[in-house]
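I opened a notebook page for this model.

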Amino acid sequence: MTTSRPPGEPSVADLVDRLSEQTARLVRDELKLARAEYTEKAKQGGTAAGLFGAGAVLAWFGVGTLLATLILVLALFLPAWAAVLIVTVAVFIAAGIAALLGKKKAEGLTPAPERTVETLRRDAREIKERI
C-alpha cells in the first residue's frame with residue numbers, strides 16, 4: 001500500500017529537514033535575544049551599582065561631617081580634646097559591636113553551595129536507579 005503525494009508537495013524527509021533547520025534557527029535567535037537582554041540588564045546593573053557606590057561615598061562623608069558636628073557641640077561644654085576622645089571612643093565601640101555581629105553571622109557560613117550539591121547527588125542517584 002503506497003500513497004503517492006501530490007506533485008509539488010514536500011516529502012516527509014523534506015519536512016523533517018526544514019523542521020530541523022527552523023528549530024536550530026529559532027534556538028540561535030532566542031540565544032541572541034537572551035544575550036542582548038542580559039547585556040542591557042548588565043549595563044543597567046552597572047549604572048545602578050555606580051550610583052549606589054556614589055551614594056555610599058556621600059553617606060560616608062555625611063557620617064564624618066556629623067561626627068565633626070558632634071565634636072564641635074561637645075566642645076562647647078568640654079575641652080576640645082575631651083570632646084574628640086568621647087566621640088572617638090563611641091565610634092570604636094560601635095565598630096566593635098558591628099564586627100562582633102558580623103563575626104557571629106559568618107560563623108555558620110560554608111563556601112560550598114550545600115543545597116545545590118545535595119540536589120546534584122539526588123539527581124545522580126535517581127539517574128543510576130533508572131538505568
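For the charge tally, I count Lys and Arg as positive and Asp and Glu as negative, leaving out His and the chain ends. On that count I get 17 positive and 14 negative side chains in the protein. The centres of the two sets lie 7 Å apart. I keep in mind that this is a predicted model.

Next, the fold. I find 3 helices and 0 strands. The pattern along the sequence reads α-α-α. I looked up the radius of gyration next: it is 33 Å, well over the 14 Å that the globule rule gives for 131 residues, so the protein is more spread out than a compact globule. The C-alpha trace spans about 110 × 40 × 15 Å along its principal axes.

Then burial and surface. I note that buried residues make up 3% of the 131 residues; the cut-off for buried is under 20% relative accessible area. The accessible surface comes to about 11,900 Å². Carbon and sulfur atoms account for 68% of that surface.

Which residues form a nonpolar patch on the surface? I list W81, L85, V89, I93, I97 and L101. Together they have about 640 Å² of accessible area. I placed one of them, I93, in helix α2, residues 80-106.

Last, T23. I find T23 in helix α1, which covers residues 12-75. Is T23 buried or partly exposed? T23 is partly exposed, because its relative accessible area is 39% and that class lies between 20% and 50%. I also checked T23 against R125: they are 102 residues apart in sequence and 32 Å apart in space, C-alpha to C-alpha.

Key:
Residues are numbered from 1 along each chain as its sequence is written. This is a predicted model: local features need pLDDT of at least 70, side-chain atom pairs count only at pLDDT 80 or more; totals for chains, interfaces and linings use all residues. Side-chain values use heavy atoms; hydrogens and water are left out. Helices (H or I, at least four residues) and strands (E, at least two) are DSSP runs, numbered from the N terminus. The radius of gyration is taken over C-alpha atoms; the globule rule is 2.2 Å times the number of residues to the power 0.38. Buried means under 20% relative accessible area, exposed over 50%, partly exposed in between (1.4 Å probe, protein chains only). Accessible areas come from the Shrake-Rupley method with a 1.4 Å probe; for residues, only the protein chains shown count as cover. The place of a charge is taken as NZ of Lys, CZ of Arg, CG of Asp or CD of Glu. Patches are made of residues with over 30% relative accessible area and no salt bridge: like charges are joined within 9 Å, nonpolar side chains (Val, Leu, Ile, Met, Phe, Trp, Tyr) within 5 Å. A salt bridge is a side-chain nitrogen of Lys or Arg within 4 Å of a carboxyl oxygen of Asp or Glu.
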